[in-house]
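Please keep the sequence and the structure in view while reading.

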Amino acid sequence: MNQELGKIKTDFPIFKNHPNLVYLDNASTTQTPQVVLDVMDAYYTKYRANIHRGIYKLSNEATEMYEVARQVVADSLEAKFEEVIFTSGATQGLNMLAQALGKDLKPGDNVVLTRMEHHANLIPWQEMSRRYGFELRFIELENYELQTSDDTLKNLIDKNTKIVSFTLVSNTLGTINNATSIIERAKSVGAIMIIDAAQAMAHFSVSVKTLNCDFLVFSGHKMYGPTGIGVLYGKRERLEKMDPVLFGGDMIKEVTFAKAIWNDIPWRFEAGTPNIGGAIGLATATQYLQRIGWLQILEHEVEVMLYAMQELQRIGGLTIIGPIEKRVGVISFILDCVHPHDIASVLDTKYNIAVRAGHHCTMPLMQYLGIPGTTRASFGIYNSREDVDRLVEGIKEVKRIFS
């Protein structure tokens, strides 16, 4: 294990307050390091004010810090400053895109998703499909990976495909998807390409320049930042043509009783008072990960994940639901004759281990796989082999109790 990452827990106050905690629910939300808490506290205690509106010192400082945060995030994505829109999270970003883009579709058009999408990248398109009559299509799975052969994609993504939207990493299966082949096919027919990167951002560097997607969304709380903040990235030429779906203050240049003229991008998409402290915290979380180094993070998480896969596969009656390779440290499993909720409850009460149990906001995926739900252990930068050993010990105790 990297020596710096071996000491990383000391950066997170939650582990000082709960020294015996094994936190394995990082796919749901990660913990927050002290450095992020400090910058957010500084906003609320030293220059708390609204942005863009005040002709006074505190407001100017808050505005500067908010826009510096936007630049930090843009740089991390290899995007332009004006291409980064702050949202409440990936869910809001996907809903905004579905509402803004879906209204331009009609019967005969189609939108392509995948069988592993989070509800946030399924339900908005379902609702727009009902409203405007376009077809929803789905990329199927094989061995927990998307079927992305040339013939498969050509059959699904055709001249009537207007939008392709998919998750870069599955929050349930841990699968890292083959983005390149999907994007290339989408581009070949002129479809708009949307990526849900919520589960990717904490595990490896994500570049919109490399991906060449039109839009990308993610949430701060899944990458060691605060809750209630996220990002919608959009290529400038796409954003310039897109109408806002939220209306109010600060998203207009001029307004009369009869009409309004929208503000420039990105501000036309940020109606009302944003999560200023959250944006500043998200930028600091981004810098925190960059200082550790993406290579170090990846090497550490792969080491812990491979050890976990090895040890879990030795437990009789336990089946891992997900690919063997091309995955991040998200491990869903089922245990013969034991409900996931019972597993999670025993791990919590007897071992102080936090895991997630259920359908993980991918209920259609569970139905597709023919299982009621899974127990999910998901790993972060502060997890270790010792955490895995505790998890394995706990699962063995679950088996004993329910045998």
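The model is predicted, so local features need pLDDT of at least 70 and side-chain atom pairs count only at pLDDT 80 or more, while totals for chains, interfaces and linings use all residues. Residues are numbered from 1 along each chain as its sequence is written, and side-chain values use heavy atoms, with hydrogens and water left out. Helices (H or I, at least four residues) and strands (E, at least two) are DSSP runs, numbered from the N terminus.

- Strands of a sheet pair through backbone hydrogen bonds, either parallel or antiparallel.
- β13 and β14 pair in the antiparallel sense over 3 bridges, and L318 stands opposite L335 in β14.
- Strand β14 (residues 330–335) also pairs with strand β17 (residues 374–378), in the antiparallel sense and over 4 bridges.
- In β17, A377 stands opposite I331, and T375 stands opposite F333.
- β14 is mostly covered, as 5 of its 6 residues are buried (buried means under 20% relative accessible area, exposed over 50%, partly exposed in between, with a 1.4 Å probe and protein chains only).

**Helices on this sheet**

- The axes of helix α12 (residues 294–312) and helix α15 (residues 385–402) come within 9 Å and cross at roughly 20°.
- That angle makes α12 roughly parallel to α15 (angles under 35 degrees count as roughly parallel, over 145 as roughly antiparallel, 65 to 115 as roughly perpendicular and the rest as oblique).
- E303, V304, Y307, A308, E311 and L312 in α12 meet R385, V388, D389, L391, V392 and I395 in α15, where contact means heavy atoms within 4.5 Å.
- The residues of this contact divide into 8 nonpolar, no polar and 4 charged (Ala, Val, Leu, Ile, Met, Phe, Trp, Tyr, Cys and Pro count as nonpolar, Asp, Glu, Lys and Arg as charged, and the others, Gly among them, as polar).

**The sheet of 7 strands**

- An open sheet of 7 strands has the order β2-β10-β9-β8-β7-β3-β4, with mixed pairing.
- At its edges stand β2 (84–87) and β4 (135–139), each with a single partner strand, so one side of each is left without a neighbour in the sheet.
- From one strand to the next, the twist averages 20°.
- β2 and strand β10 (residues 230–234) run antiparallel and are joined by 4 bridges; the bridge partner of F86 in β10 is V231.
- Helix α6 (residues 123–132) packs on the sheet and touches β3 (110–114), β4, β7 (161–167) and β8 (192–196), its direction making about 150° with that of β4.

**Helix α8**

- In helix α8 (residues 179–188), the buried residues include A179, I182 and A186.
- Just after α8, G190 takes a positive phi of about 80°.

Conventions:
Axes are lines fitted to C-alpha atoms, for helices over the stretch in contact, and angles run from 0 to 180 degrees between N-to-C directions. Two strands pair if DSSP finds at least two bridges between them.
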